[in-house]
Amino acid sequence: EFILLGLSDTRELQVLFFTFFFLAYAMVLLGNLLIIVTVRTDPKLSSPMYFLLCNLSFIDICCTSVTSPRMLVDLLSQRKAIAFEDCIAQLFFLHFVGASEMFLLSVMAYDRYTAICKPLHYTAIMSRQVCWVLVSACWAGGFLHSIVQTLLTIQLPFCGPNTIDNYFCDVPPVIRLACTDIYITEWLMVSNSGLISLVCFLVLVTSYTFILVTIRVRFTEGNWKALSTCASHVMVVTLFFVPCIFIYLRPFSTFPSDKHICVICTVFSPVMNPLIYTLRNNEVKASMWKLWKRCR
């Protein structure tokens, strides 16, 4: 088994963290479920953008559910132990949904690029069949990435220290507990997780650069609305990708600040997504209001 040190060993802070993260987890579940139900019940929200948004909400629920329930239990426990099998399972599902979200955000950026830069061909390029293929490819890519990370981890011998300075099991702190030289394994994992994070981030930056150039050339009211939508996506990208690049795009020397940075992409990013996509989108807000009146 492994011992998770968590975010703090001070009892008062643990109670404070429990209250905060419980409310954050509830917001993630309720907010993203509301988005999914709203998109699925309103025929007006049938465009590819909302289809991808619905999938992003589902991934956010999965991503935060991998780490938050365990963290909440540990915050109220004296001994924060996790079995080796449970640790590997958490590591697998975290990288599965995390990589899937990276790929999906890249697809969403491509969707906005097509809608703004190639509006006349948008319906042909982003048909429902194409959207399903792209989303399936995101999940398949996430699974392939995660299975590689997991296989590289479980083949290591663990026979010494078992203390993880984090609130969940992740590749960097876990493999450093192995009783063998992990130099090659470190670089294999950096080339996997780190390069995926960096490449997806560069694809996103490139897409939004083309969008900004297009909007500058032919500025209209519709493009202003599209720019507002893209700004929301950029906020999500910044919250999610910057911590991932910082943690994974380097040899796995762990810093005390890593676990606090992980909070951004495992808690804050899923919390912000419903707020960003609902409060900044009049169509979604109108559909939610109609759903609320229908359910009263």
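Strand β1 (residues 2-4) pairs with β3 in the parallel sense over 2 bridges, where strands are DSSP runs (E, at least two residues), helices are DSSP runs (H or I, at least four), both numbered from the N terminus, and two strands pair if DSSP finds at least two bridges between them. This is a predicted model, in which local features need pLDDT of at least 70, side-chain atom pairs count only at pLDDT 80 or more, and totals for chains, interfaces and linings use all residues. Residues are numbered from 1 along each chain as its sequence is written, and side-chain values use heavy atoms, with hydrogens and water left out.

**Sheet**
- The open sheet of 3 strands has the order β2-β1-β3 with mixed pairing, and its edge strands, β2 (81-82) and β3 (163-164), each pair on one side only.
- Ile3 has Thr163 of β3 as its bridge partner.

**Cavities**
- The structure holds 2 cavities of 30 Å³ or more, a cavity being a set of points on a 1 Å grid over the protein atoms alone where a 1.4 Å probe fits but cannot get out, with lining residues having an atom within 4 Å of a point.
- The largest cavity holds about 200 Å³ of space, and of its 19 lining residues Leu94, Gly98, Met102, Cys244 and Tyr248 lie nearest its centre.
- Helix α3 gives the most to the lining of the largest cavity, with 5 residues.
- The second largest cavity holds about 60 Å³ of space, and α2 gives the most to its lining, with 3 residues.

Definitions and conventions:
1 Å grid on protein atoms, 1.4 Å probe; cavity = no way out; pocket = protein on both sides within 12 Å on 5 of 7 lines; lining within 4 Å. Points joined across faces, edges and corners; volume = space filled by probe spheres on them.
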